[in-house]
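Dear colleague,

Please find the structure below, handed over for your own work. My notes on what was found follow it.

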Amino acid sequence: MASMAVGCPSRFAFAWRPVLLRAVLLIAVAAALWVLWETFKWVGETTGFRLGVFEVNDRTLPHLHDIIGQLFEPSRRNGPLLIEVLWDAALFTAKEAAVGFAIGASVGFTLGVVLHHSRFLQRGLMPYIVASQTVPILAIAPMVVIWTGSRGLPSWFSVAIIAAFLTFFPVTINTLRGLDSADPRALELMRSYAANRWSILWRLKVPASLPYLFTAFKIAATASVVGAIIGELPSSIQDGLGGAILNFNQYYLSSPPSLWATNLIAALLGITFFLIVAGVEHLVVRRAPEHVA
Amino acid sequence: MTEAAAVSLRQVGRTFAAGNVVALEAIDLEIQPREFISLIGPSGCGKSTLLRIIGDLIQPSSGEVVVNGKTAHRARLDRDYGIVFQDAVLYDWRTVARNIALPLELAGWDRARREQRVGEMLQLVELTGFEKRHPWELSGGMQQRVSIARALSFSPALLLMDEPFGALDEMTRERLNAELLGIWAETGSTVVFVTHSIAEAVFLSTRVAVMSARPGRITQIVPIDLPQPRTQATREDPSFFELVTRVRAALHGGSGRDTDLSLAEAE
């Protein structure tokens, strides 16, 4: 390139320093949490200090190393290691959550686009869309299970539908907001080029809405995991993390670390979903550096 | 009606519904092909509104607008004009080359033709080598040059410019003024140029239309007969100062109507 007006580093030059800094920060926070956890446990156990009715002992608050250690113990006598069981369960739940996310995000985006183009529909439907989110999942889950079952769909699909139900809402709301975020003069520009609605949507409004969309996708990604886990409970599906949570809940008194370990894996699954969306955002959204944050 | 006129305005008025504000009143203006006409006036005189009426981005409340011998609406659909705003309004997610190619994509040009034309336009605005850059990697002046290249990419006969250099520093502004005149001479397009700056209007234009506010109207049209091509020396020519003084006098009540807002309101 002949001349570079600005000393901006190339986008593809990998900056190691911030990554390193982040890694150090991540480890430092994890270590601090560990210290906090163990200190609280130690203080509680030696002084009998309690938070309200929350009594600290190995049952209510196991050692962190016991929780992690539990992952590498057999899940039952002569059975596979707990981490193998939870890995399979996490994959199962991930499938439900991913399909749910895909359905929810597509439906949410499409709904947002339709409502953006019709104030009439927006006014008419919006109250019901909001109301849909106030319905408890436990109330609609049995209906979804029966509906999908009667159509010969696999039972995990009903869980995906429940996850989608939790996922579409933030996407719709942020699509609506994002499509309106295009610069008014950029819209005038499109009109001056005699661009039709379709071109204006795909060449201006959707690209302009991407930062909003990805904010929604991040919320939706973690919500889809939560939705899948919760959805497994009333659907009586045993193969996922929801089933594992239910199962280890029953054996909590004999082995508290198993439930904690399951929660840990569930959290890691949610974080993985979030990171995937954040990674895609990094690849897709091209913005001035100060806009990326 | 003159068939040959690039833009013809007849008794054009615009009233904004909110508060019955008369933004423009009885505007008559004929702009000939290859003319460079500036609209100058105080804030609120409706010069930007007038530009948008010519571009069919705002509808007039009354009167007739003819662009290239057609209705303004038809002219917009035929992509007869390019427009440049005060801010470059580039799409952050597109490279410089793809920003310039945007109107060509919309007009259905194939990729090979687009690439060739983008190359030519980059040369015209002296940005060759920057095609893969993103807008936020460029300075304000460079961004505005991309915006001009985009507006001219499909060779419109008419170029509408709404204070295109208003946000730039004086040095950049003068350099881009000179570049714009070069582009104007090269492309042979008609330019309608909205500005706040008297010196800029005089330096660039073949005619300056002086406007007053409340209601917005054209009070005087000052022909600028400075020789072409205009250079840095033009700015130091006594006749340049003379014309600047004339336009300034016209701005400050050339029609007996004072443009000072407090006085205008007292009427």
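Predicted model: local features only at pLDDT ≥ 70, side-chain atom pairs only at ≥ 80, totals over all residues.

Two strands are counted as paired if DSSP finds at least two bridges between them.

Strand 7 of chain B pairs with strand 8 (residues 190-195) of chain B through 5 bridges, in the parallel sense. Strand 6 (residues 81-84) of chain B also runs parallel to strand 7 of chain B, and 4 bridges join the two. B:M161 takes part in both pairings: its bridge partner is B:V84 in the one and B:F193 in the other. Together with helix 6 (residues 170-187) of chain B, strands 7 and 8 of chain B form a right-handed β-α-β unit.

Strand 7 of chain B (residues 158-162) is largely enclosed by the rest of the structure, because 5 of its 5 residues are buried. B:L158, B:L160 and B:D162 point to one side of this strand, while B:L159 and B:M161 point to the other, and all are buried.

Chain A contains 11 helices and 0 strands. Its radius of gyration is 24 Å, well over the 19 Å that the globule rule gives for 293 residues, so chain A is more spread out than a compact globule. Along the principal axes, its C-alpha atoms fill a box of roughly 75 × 60 × 40 Å. Of the 293 residues in chain A, 34% are buried. Among contacts in chain A with a separation of 6 or more, 74% come from residues 24 or more positions apart.

Terms used. Residues numbered from 1 in each chain as written. Chains lettered and ligands numbered in written order. Rg over C-alpha atoms; globule rule 2.2 N^0.38 Å. Buried ≥ 20, exposed ≤ 12 C-beta atoms within 10 Å, placed from the backbone. Contact = placed C-beta atoms within 7 Å. Right-handed = clockwise from strand over helix to strand, strands pointing away.
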